[in-house]
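Dear colleague,

Here is the structure I promised to pass on to you. Please look through it first, and then read the notes that follow.

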Amino acid sequence: MMGARVRLVAPRTLLPCDADRFGVEIYTDMKQGLAGADTIVDGDFMLAEAGRRNRNFKIFRRKQGGLFVKQIKTADAQAITTIQREAAFYRTVHSDAKYAALSRMMPGFFDYEGSRHALTLSLTENAESLSEHQMRQGEMPENTARLMGNALGIAHAHGAMVAADPAMRSLFPYQLPWPMMMEQTGIAFLNGFGTTGPQIVRAMQQMPTLQTMLSGLRQFWQYDSLIHGDMKWDNCLISQPAGAMEPQLTIVDWELADIGDGAWDVATIFKEYLVAAILSFNARQNAAAQNLPAPPDQSIARSQPSIRAFWKAYMQGRGLSGAQAAACLDRAVRYTAARMIIAVLEYLGASSQFSPLGDTMLETARGILESPQAAAAQMIGVPAT
């Protein structure tokens, strides 16, 4: 039976979700030791649904490391292409020694079941996302920001190597972010994003210069880095492996990886700090109105040392200094405005109302584009490089 494809059927008592409702069908190879029959028989197996855009599951095993299984929800061409590209990317990184520095910050690759479009990766044990870390700490600690910046800089520095690798470069679409393309595509496509999309369209129509300024960002775009494409705090996991002296950062969800401008990923992190500041301001106002204890102040002024620590560690990891660093920072600050547009969709989702949060995000985007140098000074401080 070794080497045969085996369907894993876990007892219902171990499933915190309805297996039939979620369509759990995990196929794996016993030869690879992913989850042998003895694992299930001995009860060393628990499955937890962790879905977002995809059908995601965590497999917990006491005797072996856990697994993370990602499977697409709909078999449309774009979803299939994306998960195939992600699987090929993981496979190549973990099979080629020249990518060792990159593989150490990524989940391990186990298997890709093409017939079911299911990707199996290692599960980062005893980890929390940086979103959870930031909420628990009441801030983003400077040491964590440095860890994040250094890892991102190292990843971006692989750009030339990846672009020169025939096994890699053909995987990527070399795609511009959609907020920079709206002058060509128009903004009507946003009407398809639930109830929030049409509200963004109406709000942007009240800011006639915003769309033009966003499209103007295309002139700055460079193809200089291996970018993650969705480098938000949710996709960064921090853990303390047994026996390790320092915490470890694992960057997950590489499905939007591409060859592009490293400043875009930096902008995504800047956006996280800005959104945290906006949410903190709203929370503190609400607490004051209800005569409740004030939550931690996560304003940009208070977060500036953390943002600066992130940026300096990024420069070090990427090997940037002088004019190159200044140019990258300028692009990153400008791109933060484009990333704020995407954040409106991420944070408001299917909300029936375009809350003040959406208006504030759009106003913030416009303000950044109108005065990028002032925005850089507010976020990074002086000196900025």
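**Backbone and aromatic rings**

His117 is buried, with a relative accessible area of 16% (buried means under 20%, exposed over 50% and partly exposed in between, with a 1.4 Å probe and protein chains only). This is a predicted model, in which local features need pLDDT of at least 70 and side-chain atom pairs count only at pLDDT 80 or more, while totals for chains, interfaces and linings use all residues. Residues are numbered from 1 along each chain as its sequence is written, and side-chain values use heavy atoms, with hydrogens and water left out.

Most residues other than glycine have a negative phi. His117, however, has a positive phi near 50°, and it is found in the loop between strand S6 (109–113) and strand S7 (118–122); strands (E, at least two residues) and helices (H or I, at least four) are DSSP runs, numbered from the N terminus. Asp253 also has a positive phi, of about 60°, in the loop between strand S11 (248–251) and strand S12 (258–260), and Asp253 is buried at 12% relative accessible area.

The structure holds 13 aromatic pairs, meaning rings of Phe, Tyr and Trp (its six-membered ring) with centres within 6.5 Å, called stacked if the planes are under 30 degrees apart, edge-to-face if over 60 and tilted for the rest. One of them is the tilted pair of Tyr174 and Tyr223, with 5.9 Å centre to centre and 45° between the planes; because these residues lie in two separate loops, the pair ties together parts that are 49 residues apart in sequence.

Best regards
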